[in-house]
Amino acid sequence: MKDMIKVTLSLVIIFIAAGLIMGLTYMQTSPVRFVAEKKEHEEALKLMAPEAKDPIHTAGSWTTRDGKSCRYYNATTGGTAVAYIADTLGKGYSSFIQMMVSIDTDLKIKDVNILHHGETPGLGDQVEDRALFLDQFKGRDVTQLELVKGEPKPGKITAITGATISSRAVTNGVQDAVKKLVDMYGAGIKKAAAGHFAANEVKYEHN
């Protein structure tokens, strides 16, 4: 009995010590990680609108279709808008895919950049490939963001074979971001854009 008590007490002490070490480690590394993530985000913003000479500041916040809170930004040079940027997310096969989307002052997509994800290596992670997937979004306006499977179709975004859910996640995230930016900065086409998305949203069940 005494031996069992000793073993139990030893295990309790070990668990408490491990918890304290983990807590102290988190306290030490959390501020460092926060600073690193903030710097990474700021650098990503600059890449989305390299022509912007003024500091890029947050213009407001918005909510994605999955209920995630994101921010949007107004990129300027000499106080004049040169691009609009939004953080966005899409629910993928095994993670939320975190992205940035920028549009120009003509409300056409300048760039899409994937920041973080946990999609399947060799399948879902192909959404990061610019030549294979991301470059399809460049130059498109708010009505040209419909996802299709199989053979490419003019004016459509072609899903990656075997990674439809991941492709859809990116497309939905881009749709949400562009809709928000158009709603904020594109007077006169808000209702038309909303109607187009309601009629053309693509839903696939298998990756």
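**Close-up 1. Asp87 and Arg71 form a salt bridge in this predicted model.** The closest N and O atoms of Asp87 and Arg71 are 4.0 Å apart. Asp87 lies in strand S3, which covers residues 80–91, and Arg71 lies in strand S2, so this pair ties together parts that are 16 residues apart in sequence. Asp87 is buried, with a relative accessible area of 10%, whereas Arg71, at 40% relative accessibility, counts as partly exposed.

**Close-up 2. Asp111 and Arg130 are joined by a salt bridge.** Here the closest N and O atoms are 3.0 Å apart. Asp111 belongs to strand S5, while Arg130 sits in the loop between S5 and strand S6 (147–148), and the pair therefore ties together parts that are 19 residues apart in sequence.

**Close-up 3. The side chains of Lys110 and Glu51 meet in a salt bridge.** The distance from N to O in this pair is 3.0 Å. A search of the whole structure finds seven salt bridges. In general, side chains of opposite charge can pair when their charged atoms come close.

**Close-up 4. Strands S1 and S2 form a hairpin.** The two strands run antiparallel and are joined by six bridges, and one of the residues to look for is Thr63, whose bridge partner in S2 is Ser69. Five residues lie between the two strands, and in this turn Gly67 has a positive phi of about 80°.

**Close-up 5. Thr64 lies in the loop between strands S1 and S2.** Strand S1 spans residues 57–63 and strand S2 spans residues 69–77, with Thr64 placed in the loop that separates them. Although Thr64 is a loop residue, Thr64 is buried, with a relative accessible area of 5%. When residues up to four places away in sequence are not counted, Thr64 touches Cys70, Thr88, Leu89 and Asp176.

Key. Residues are numbered from 1 along each chain as its sequence is written. This is a predicted model: local features need pLDDT of at least 70, side-chain atom pairs count only at pLDDT 80 or more; totals for chains, interfaces and linings use all residues. Side-chain values use heavy atoms; hydrogens and water are left out. Helices (H or I, at least four residues) and strands (E, at least two) are DSSP runs, numbered from the N terminus. Buried means under 20% relative accessible area, exposed over 50%, partly exposed in between (1.4 Å probe, protein chains only). Contact means heavy atoms within 4.5 Å. Two strands pair if DSSP finds at least two bridges between them.
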